[in-house]
Amino acid sequence: MKRLNVAVAGNPNSGKSTLINAIAGTSLQVGNWPGVTVEKKMATLKIEDLTINLVDLPGTYSLSPYTQEEVIARDFLVKEKPDIIIDVVDSTNLERNLYLTVQLLELGIPVILALNIFDEAKKKGYEFDIVKLEELLGVKVIPTVATKKDGVENILHYIKEFAEGKSVHSPKKINYGEDIENSLKIIEEALKTSNPSILSLYPSRWLALKILEEDQLVLKETGINEDAYFLKKAKEHFINAHEEDIESILADIRYGIASGVTREILSKREVRRLDLTERIDRVVLNRYLGIPIFLTAMWLVFKIAFDFSSPLSDWIDSTISGVVTKWSKFVLETMGTPEWLVSLVTEGVIAGVGAVLVFLPVIAVMMFIITFLEGSGYMARAAFVMDRLMHSIGLHGKSFIPMLLGFGCNVPSIYATRVLETERDRKLTAMLVPLMSCGARLPVYVIFIGAFFAQNAANVLWSLYVLGILIAVLLGLFLKRTLFKGFAPVFIMELPPYRVPVLRDLMVHTWQKLKHFVVKAGTYIFAVSIIMWFLLNTPYGVEKENSILGRIGKTISPVFAPLGFGTWEASSSLVAGLIAKEVVVSTMAQIYVDDEGENKGESEAAEVNEEGRDENLKRETERGFFEDLKDIMLSFAEAIRDSFVSLFSGLSIHSLKAEEDEEQKPLQSKLKGIFSPLSAYAFLVFVLLYWPCVVVGIAMRQEFGSWKLYGQTMIIHSALAWLVAFLIFQGGKMLGF
């Protein structure tokens, strides 16, 4: 069986990810490149007797070693030597994309040029001479529309022909002019004589170009000294005849080739109608309307997420706290499991992890909508709109991209700071990212908003997200004058055209983002839930207030008393939240799990209720497993129906409204007896701002090489959280709230 290694390269926003999803389908596997956190996508396909290993390289504009993505892409192409490259080119921006194509040709590897987004180019009136493009570059050119899978079969057919030796295309050797060609010849001949083994490791012409450019990574890997005689001889003419450095001259030549090829093969007929992207941008990028539109868009995200997901969250809650808990307890007790282990499984693991999984639907919907906005091209506009605001804190609009990602999860946002050019910008942005309200905080928001602010859920939730942004601005103003002095660089960013994302791609990317939350719930939140159970039940049988965690909570509770939540329960849950913000809810669920009957303050009534619950459990168990399974399926269908009804029921968020005749959920009911609306909001603000979770710290450690930045962030954010919550609670009391 033949095996072929295929690399997929291309610019960002060229539709590369969509095309590889169209080719690979569900076989696409996602991981990280060895030693780094940049996403790696791979797939193995089989066509008759041919096995194709497909590798999706990070999106780059060139192969110069200036960013981690460029280094990864270049190293794979140079060292792994794939058999063929699929170069995904945005046909609506051909000249810019061909700059990377020219660099790919320097490697001497056969190239398939996927002329992507071909339908949009046709609508713009572009006409391509594909035959001439193939002749000029020595590549196979295939028009594609990745969103419709157009051209995918042609790509796979050509790859099969290539494997069978039927391909007649070989990359053209780009002529860089007499001066450079003579210098390259000197270097190649010197390497053949002095170090021929190096030429077996790298493409010879590419290696000569990199040595001539004095590429520091290549010189270090090959052990070639900048003062080598042959290199001095090769550069001698440039030093005497040219004012610019060799790297700049080569870049100009590559751009010139890209421009010349584009003029040769592309013609544009006049299209009088105004481009849709331009028409939308006249409104979205308006200096007065841009920010209000962005804030309105975020409010709509919250509305849709809560309206649609709430019935599904209720279904998960009732299933886990009802059927799952009931049958787990029945099975354990039937096996003669000790009482403490039954309690650990039902009250610790199931109640803890279940309390977090309840919020899976709302997080999934939010991630789906944010992914839609990213794929549509709007998120790039949001960064552009925020550029002026970001400049005020010593950054530029590009820094807002990691912050936007922070609305999903702060951890990938820390990794996303590598798109910034300077270490100062990366560190300052990383310190501000945790102020963006991530999905992990949503469970806390939802449980408190449902209990105290159901009638104004959208406004309260929106206020928390906006408050995080405002605090980030204020903190940035402070930090740029203290820890991070310097000037913000000029904002240069490509604004892709507006597109309607493909549903399948949205689902794939949403799952990749949601998987992080699911893995946390299934791994270390599971572990933390067990730890919290032991801390709440040690010694076993003791009142939770006198447990280890209870005593810790009581010790630190005076610190939070001026903020309105100086109880051991609230303090204990905040301690647990240092690990992950979701754990705040799961810890509260464990603290209050057996307290429904204590609301009246009568221990005897609690015992009666406990006996009643046990009797009900026994009767319910007798109904049988299949009856429960049937109820789960029927209730799921009802939840789906209610989700769509709730979504279209009006402009206000109905999903969090508390119906007067509906029994309050135990945890929310308990919270109402401990918090007031004012202290509840202060608590939410504290959760928004305090101590970034440990996983964020690990990400900072990986990105910046030490724990120092995380330590600084931890101290500053916690102090900010206390101060802002104090001002809200005490200020609210003074105003009579």
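Entry 1. Before looking at a crossing, I noted the rule: it is right-handed if the near helix is turned clockwise from the far one by less than a right angle, and left-handed if anticlockwise. I also noted that this is a predicted model.

Entry 2. By that rule, I found that helix 27 passes helix 32 in a right-handed crossing. I looked up the geometry next: the axes of helix 27 (residues 568-576) and helix 32 (residues 677-689) cross at roughly 20° and come within 11 Å. Angles under 35 degrees count as roughly parallel, so helix 27 is roughly parallel to helix 32.

Entry 3. Which residues meet there? I found Ala 570, Ser 573 and Leu 574 in helix 27 against Phe 683, Phe 686 and Val 687 in helix 32. I sorted the residues of this contact into five nonpolar, one polar and no charged.

Entry 4. On to salt bridges, where my count came to 17. I looked at Asp 215 and Arg 74, whose side chains meet at 2.6 Å, N to O. Asp 215 sits in the loop between helix 9 and helix 10 and Arg 74 in helix 2, so this pair ties together parts 141 residues apart in sequence. Both Asp 215 and Arg 74 are buried.

Entry 5. Arg 254 and Glu 213 form another salt bridge, at 3.1 Å. I placed Arg 254 in helix 12 and Glu 213 in the loop between helix 9 and helix 10, 41 residues apart. Arg 254 is buried at 2% relative accessibility, and Glu 213 is buried at 11%.

Entry 6. Within it, Glu 164 is partly exposed, and Lys 166 is exposed.

Terms used:
Residues are numbered from 1 along each chain as its sequence is written. This is a predicted model: local features need pLDDT of at least 70, side-chain atom pairs count only at pLDDT 80 or more; totals for chains, interfaces and linings use all residues. Side-chain values use heavy atoms; hydrogens and water are left out. Axes are lines fitted to C-alpha atoms, for helices over the stretch in contact, and angles run from 0 to 180 degrees between N-to-C directions. Helices (H or I, at least four residues) and strands (E, at least two) are DSSP runs, numbered from the N terminus. Angles under 35 degrees count as roughly parallel, over 145 as roughly antiparallel, 65 to 115 as roughly perpendicular and the rest as oblique. Contact means heavy atoms within 4.5 Å. Ala, Val, Leu, Ile, Met, Phe, Trp, Tyr, Cys and Pro count as nonpolar, Asp, Glu, Lys and Arg as charged, and the others, Gly among them, as polar. A salt bridge is a side-chain nitrogen of Lys or Arg within 4 Å of a carboxyl oxygen of Asp or Glu. Buried means under 20% relative accessible area, exposed over 50%, partly exposed in between (1.4 Å probe, protein chains only).
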